[in-house]
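Dear colleague,

Please find below the structure that I am handing over to you. My notes on what was found in it follow directly after.

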Amino acid sequence: DAKVVFHLPAGIYRFSVNDLIDSHIFNAVLDRFIVKENDVPAEITLKHSKAGVLVIKEIYSGGCRKSPAEGTYQSDQYVIIHNNGSDVQYLDSLCFGTMIPYNATATNPFLIKGEDGAVALPDFIPIADAVWQFPGDGKTFPLNPGEDAVLCVRGAIDHAATYPLSVNLNKEDYFVLYDANLFPNKTYNPVPGPAIRQERILKCLIKTNPSINATMISIASPTVILYRAKGMSIEEFINSEDGIIPIPGATNGSKVLACPADWIIDAVEVFDGSSSSNQKRLSDDMDAGYATLSSTFNSLSLARRTDTEASEAEGFEVLMDTNNSSADFVELEKQSLRE
């Protein structure tokens, strides 16, 4: 046990603690803690996790202006995945998703309420809308140490050709979420550009939200999650009794994949910088903090910081990974892929 004393004026505070020992990470967060005039004790329990190998390097979700035309644009979302380890990693069978609730400001239907009135997150991750999986036979898509893989969430086309403040996502080594039968909205999910290779289109194994016609992550405050099944195939889990479950209170038949927590490869939480009503959706051992997107439709992107010392020692780009996005991520003034 350890004790720290702070002398603070009255107010509402957020306390965050993190420590890194080799690849072992210890994190804890105490949010919305009220400090009054008298001494107030606060107990924080550290949670253990391990630094990942495949990590989320960048999240571009917030869209841009159509300048020089009027209006805003949001069909160009992408995520970059990075190999942060010293061995070759394979993207084959890796799954990508977001979770319920989509927005950090929304009510979480999966919160568990105790008899004392306290609420807690469930012991699984409710993956929203669909299960998307990288194709391959196990060693089809290698990612070398320090290399990146770009995944187009929406629109694997050259957006910048029409909107200069956007990006060109029509590149032969990019991956894309695309299924015209399940998600027929061509505004958000146009036919991939001619450079996109058929074998780099992720497989939609199941659609769980019947109300949507396009793929998406939240514009202002997404969660981005990489996961991989253990002990069984993801298809077997989908077909199991507890794999797909209804969303409490949903009236449209929407369901989620109840992803076990130990299947998570990496997860990042984003808060809406224009709101004071954000609530955590990921537990401290997955992401003890959050990256903040200050505004939407301004070409802003969230990127993981580079660990300069580790990069020099390893000879390739090593990114910060403390499982605390408040410390690991920084907001970029423009998308890293913008040419």
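Asp129 counts as buried, because its relative accessibility is 7% and the cut-off for buried is under 20%. Please note that the model is a predicted one. Asp129 sits in the loop between S12 and strand S13 (130-133). Its phi is near 75°, a positive value in a residue that is not glycine. Most residues other than glycine have a negative phi, and most peptide bonds are trans.

A positive phi also occurs at Phe297, where the angle is near 60°. This residue belongs to the loop between strand S22 (291-293) and strand S23 (301-304). Is Phe297 buried or exposed? Phe297 is buried, since its relative accessible area of 17% falls under the 20% limit.

One joins Ser67 and Pro68, with omega about 10°; Pro68 lies in the loop between strand S5 (64-65) and strand S6 (72-73). Another runs from Ile100 to Pro101, with omega near 0°, and Pro101 is found in the loop between strand S9 (95-97) and strand S10 (112-113).

Three bridges connect S19 with strand S20 (residues 255-260) in the antiparallel sense, and Ile244 stands opposite Leu257 in S20.

The loop between helix H1 (234-238) and S19 holds Ser240. A polar atom of the Ser240 side chain lies 2.6 Å from the backbone oxygen of Phe237. Ser240 is partly exposed, because its relative accessible area of 28% lies between the limits of 20% and 50%.

In soluble globular proteins, nonpolar side chains tend to be buried together. The largest nonpolar core here has 32 residues, of which Ile81, Leu91, Phe96, Phe134 and Phe175 touch the most other members. Strand S4 (residues 54-60) supplies the largest share of this core, three residues. Apart from this core lies another of 18 residues, including Tyr227, Phe237, Ile244 and Met286. Leaving aside residues up to four places away in sequence, the contacts of Phe134 include Ile81, Leu91, Leu151, Phe175 and Leu202, as well as Asp92 and Ser93.

With kind regards

Technical notes
Residues are numbered from 1 along each chain as its sequence is written. This is a predicted model: local features need pLDDT of at least 70, side-chain atom pairs count only at pLDDT 80 or more; totals for chains, interfaces and linings use all residues. Side-chain values use heavy atoms; hydrogens and water are left out. Two strands pair if DSSP finds at least two bridges between them. Helices (H or I, at least four residues) and strands (E, at least two) are DSSP runs, numbered from the N terminus. A nonpolar core is a set of buried Ala, Val, Leu, Ile, Met, Phe, Trp, Tyr and Cys residues joined through side-chain atoms within 4.5 Å. Buried means under 20% relative accessible area, exposed over 50%, partly exposed in between (1.4 Å probe, protein chains only). Contact means heavy atoms within 4.5 Å. A polar contact is a pair of N or O atoms within 3.5 Å; within protein, one must be able to donate a hydrogen and the other to accept it, and residues adjacent in sequence count only if both atoms are side-chain atoms.
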